[in-house]
Amino acid sequence: MAEVLGLGMTHYPMLLGPDTHMAGLLRSTLGDPDIPGDRKDPANWTELACKEWGDDQGVAAATVHRARLMKGLTRCREAIDEFAPDVLVVWGDDQYENFREEVIPPFCVLAYDDTVVKPFGILNKLKIPNAWGLPDDTSYTMHGAPDFAKQLAADVLAAGLDAAYSYELRTGINFPHSFANTQVFLDYENVGRQFSYPMVPIAVNCYGEHVIARRGGMARFAEIKAGEDLDPPGPSPYRCFQLGQAIARSVACSDKRVALIASSSWSHAFLNDKDWHLRPDTESDRVLYEAMVAGDYDTWTAVSTRQVVTAGQHEMLNWFCLLGATSELGLELDWSDFVETEIFNSNKVFAVFH
């Protein structure tokens with residue numbers, strides 16, 4: 001009989017770099033000439049934003065933010081080691097990486113065998129050094145579980161949910177960072193190189209209407225004002241919840257010890273158009289966090305795609321998958337932490353469900 005652990009964590013890319021670069025996304029945003037000057041003036045920011053920004057543009061606050069994130073990641077790793085899973089199933093977003101113009105599946109089970117991963121690809125693209133001072137082409141092996149992944153895909157399809165599956169990574173790209181960073185952050189001191197648990201990544205089209213329109217990243221307001229050629233939407237929050245339920249039923253029928261993981265931060269500043277890409281939507285995040293703590297799944301299943309996009313909560317679709325699974329299996333929240341920030345692009349949440 002299967003046994004299941006539920007986890008939520010972040011794959012925040014800036015945690016790969018040094019503290020001096022932690023607030024780099026905000027610094028870049030402040031250079032956007034189409035954002036009103038009064039919005040960019042720290043004199044008009046919130047108390048928390050001013051405190052974090054300080055007189056060093058967030059460097060000292062980055063040290064504090066990193067320590068808080070590492071505490072949450074350590075708690076998640078300890079839960080994994082105590083549980084000793086046979087396999088990890090990780091929901092993550094593909095941010096215009098493995099899936100591009102040729103095809104954008106709503107969900108895709110990556111039934112890969114062992115794969116060599118170079119985790120610093122995203123930093124190299126941003127021209128940011130890594131926090132370990134290692135060579136840019138440092139790599140590790142992500143162990144796969146292709147047979148288990150194929151069974152998950154078969155069971156999801158049999159349940160009436162349309163999900164793609166993939167046996168090979170697109171050539172010429174770095175492994176999608178939501179999954180690559182998950183392994184690094186769960187084995188931080190070793191940059192993922194001593195992580196032995198097999199992983200089945202499930203890619204979710206979290207970016208939806210922005211996945212190709214914005215190449216899964218930042219957009220300047222001049223581009224937005226000129227009129228974006230938006231893409232079709234991604235899967236709805238409720239559909240992600242249903243996918244989590246279907247995965248949970250499949251896992252329950254196995255004889256494995258399985259850790260189900262949602263890998264993403266919550267609302268992202270660079271996706272929060274209404275606040276000029278300067279801050280995450282903490283108010284919207286708090287509503288869902290409090291509902292999660294209370295075990296209130298109705299609040300989660302009532303969220304619409306438009307609400308997610310308006311709040312910049314695109315990547316939270318991974319957490320809708322996890323919450324669908326925890327509701328289906330009756331897992332209870334054992335511990336969680338909400339890490340709020342105004343200048344480090346996204347609020348982060350950690351959770352352990354038993």
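Let me start with a term: buried means under 20% relative accessible area, exposed means over 50%, and partly exposed is in between, with a 1.4 Å probe and protein chains only. Now the ground rules. This is a predicted model, where local features need pLDDT of at least 70, side-chain atom pairs count only at pLDDT 80 or more, and totals for chains, interfaces and linings use all residues. Residues are numbered from 1 along each chain as its sequence is written, and side-chain values use heavy atoms, with hydrogens and water left out.

First topic: helix α13. Helices are DSSP runs of H or I, at least four residues, strands are runs of E, at least two, and both are numbered from the N terminus. Helix α13 covers residues 317–329. Of its 13 residues, 10 are buried, so α13 is largely enclosed by the rest of the structure. Among the buried ones are Leu-317, Trp-319, Phe-320 and Leu-323. From first C-alpha to last, α13 reaches 19 Å, close to the 18 Å expected at 1.5 Å a residue. That expected span is 1.5 Å times one less than the number of residues. Just after α13, Gly-330 has a positive phi of about 70°.

Next, the core. A nonpolar core is a set of buried Ala, Val, Leu, Ile, Met, Phe, Trp, Tyr and Cys residues joined through side-chain atoms within 4.5 Å. The largest one has 115 residues. Which of them touch the most other members? Trp-91, Leu-260, Trp-300 and Trp-319 do. Helix α4, residues 59–83, gives the most to this core, with 9 residues.

Look at Trp-300. Contact here means heavy atoms within 4.5 Å. Leaving aside neighbours within four places in sequence, Trp-300 is in contact with Trp-266, Leu-288, Ala-291, Met-292, Met-316, Trp-319, Phe-320 and Leu-323.

On to the strands. Strand β9, residues 333–339, is mostly covered, with 5 of its 7 residues buried. Strands pair if DSSP finds at least two bridges between them. Between β9 and β10, residues 348–353, there are 6 bridges, and the two run antiparallel. Val-339 has Lys-348 in β10 as its bridge partner.

Last, two loop residues. Asn-345 lies in the loop between β9 and β10. Its phi is near 70°, positive in a residue other than glycine. Is Asn-345 buried or exposed? Asn-345 is buried, with a relative accessible area of 8%. Lys-127 sits in the loop between α5 (121–126) and β5 (140–142). Phi of Lys-127 is near 60°, again positive in a residue other than glycine. Lys-127 counts as exposed, at 73% relative accessibility.
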